[in-house]
Amino acid sequence: MRKGALAGLPLLALAGFAVAQQAPAPRDVSALYRPFEAPPGERTRGDVPWPAPGNVSLPEPIPGIGRPATSAEIAGWDIAIRPDGANLPSGRGTVQEGEELYLQHCASCHGDFGEGIDRWPALMGGRGSLTTDTPRRTVGSFWQHAPMVFDYIRRAMPYTAPQSLTNDEYYALTAYVLYLNELIAEDAVMDRESLPRVEMPNRDGFVLEERPDTENVACMQNCRQGRPVTVTMDSRQFVQPGSGSGTSEP
């Protein structure tokens with residue numbers, strides 16, 4: 001190896017150390033990720049308006065990295081619907097319109113009447129079965145809020161071409177699925193005003209967890225702090241270490 005190459009190594013190492021030492025301390029952003037508290041007296045409903053976030057500010061953008069998203073780019077991602085119906089788009093659809101669309105786009109997997117085919121899930125039935133030994137989780141028995149039915153159908157269906165229909169067509173499909181579950185009348189019209197008013201049978205069947213967010217700081221050195229580390233289970237085979245089934249050493 002050339003002498004010049006060896007001579008340069010300490011200088012490079014020293015320069016790198018100096019840069020690391022001069023780096024600014026990371027900003028404490030833990031307050032940005034704390035969950036909102038549920039509204040008083042409402043612990044099981046997601047359609048109750050939640051408090052506005054407190055006075056928090058996002059970190060300043062780093063110069064030279066990225067650019068502000070355009071309105072069109074934001075609109076392409078901003079499709080999430082809240083349980084209370086917030087962010088539902090304009091449009092409308094009837095049960096009759098939804099039946100034709102359902103037979104065209106959905107029946108091949110979910111059956112003509114939402115009964116499900118083979119491994120594809122049923123969309124109707126199962127009312128009152130969640131507390132039995134054979135629960136059936138369907139739109140009518142398990143789902144908590146009607147706007148979320150629209151949200152999922154628009155986000156993920158049709159299976160081979162998600163988000164390929166119009167908002168009117170997604171409202172119509174949502175109306176038909178709710179009609180199959182006997183939740184709305186045959187002449188019902190679903191839109192951003194009427195859909196949130198549909199009361200789902202399992203609307204009070206969920207509990208909002210108030211589990212706090214936790215920080216996970218990676219340990220890079222002296223992590224054991226003198227404590228022994230042992231393997232108590234081989235995760236690949238679920239048998240005791242040393243059985244010959246797989247790795248048994250830390």
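Predicted model: local features only at pLDDT ≥ 70, side-chain atom pairs only at ≥ 80, totals over all residues.

Let me start at Asp118, which lies in the loop between H4 and H5, where helices (H or I, at least four residues) and strands (E, at least two) are DSSP runs numbered from the N terminus. Asp118 has a positive phi of about 50 degrees although it is not a glycine, and at 78% relative accessibility it counts as exposed; here buried means under 20% relative accessible area, exposed over 50%, and partly exposed in between, with a 1.4 Å probe and protein chains only.

Residues are numbered from 1 along each chain as its sequence is written, and side-chain values use heavy atoms, with hydrogens and water left out.

As for the overall picture, the protein has six helices and two strands, and along the sequence they follow the pattern α-α-β-α-α-α-α-β. Of its 250 residues, 26% are buried. If we take the contacts (heavy atoms within 4.5 Å) with a separation of 6 or more, 57% of them join residues 24 or more positions apart.

Which of the categories does Ser141 fall into, buried or exposed? Ser141 is buried, because its relative accessible area is 6%, whereas Arg127, at 47% relative accessibility, counts as partly exposed. The side chain of Ser141 makes polar contacts, meaning a pair of N or O atoms within 3.5 Å, where within protein one must be able to donate a hydrogen and the other to accept it, and residues adjacent in sequence count only if both atoms are side-chain atoms. It reaches the backbone oxygen of Arg136 at 2.4 Å and the backbone nitrogen of Thr138 at 2.9 Å.

Not counting residues up to four places away in sequence, Ser141 touches several residues, including Gly125, Arg127 and Asn202.

The buried residues of H5 are Ala146, Pro147, Val149, Phe150, Asp151, Ile153 and Arg154, and they pack against H6. On the H6 side, Leu173 is found in that helix and is buried, with a relative accessible area of 3%; its contacts beyond four places in sequence include Ile153, Gly98 and Leu101. Between H5 and H6 there is a loop that holds Pro158, and the peptide bond from Met157 to Pro158 is cis, with omega near -5 degrees.

Helix H3 deserves a word as well, through Val95, which lies in it. Val95 is buried, because its relative accessibility is 3%, and the residues it touches, leaving out those up to four places away, include Ala175, Tyr176 and Tyr179. Its C-alpha atom is separated by 6.5 Å from that of Asp187, 92 residues apart along the chain.

Lastly, how much space lies in the largest pocket? The volume is about 520 Å³. Of the 25 residues that line it, the closest to its centre are His110, Pro121, Leu123, Tyr152 and Met157. A pocket, on a 1 Å grid over the protein atoms alone, is an open set of points where a 1.4 Å probe fits, with protein on both sides within 12 Å along at least five of seven lines, and lining residues have an atom within 4 Å of a point; grid points are joined across faces, edges and corners, and the volume is the space filled by probe spheres set on them. Helix H3 (95-105), H4, H5 and helix H6 (167-180) each supply at least two residues of this lining.
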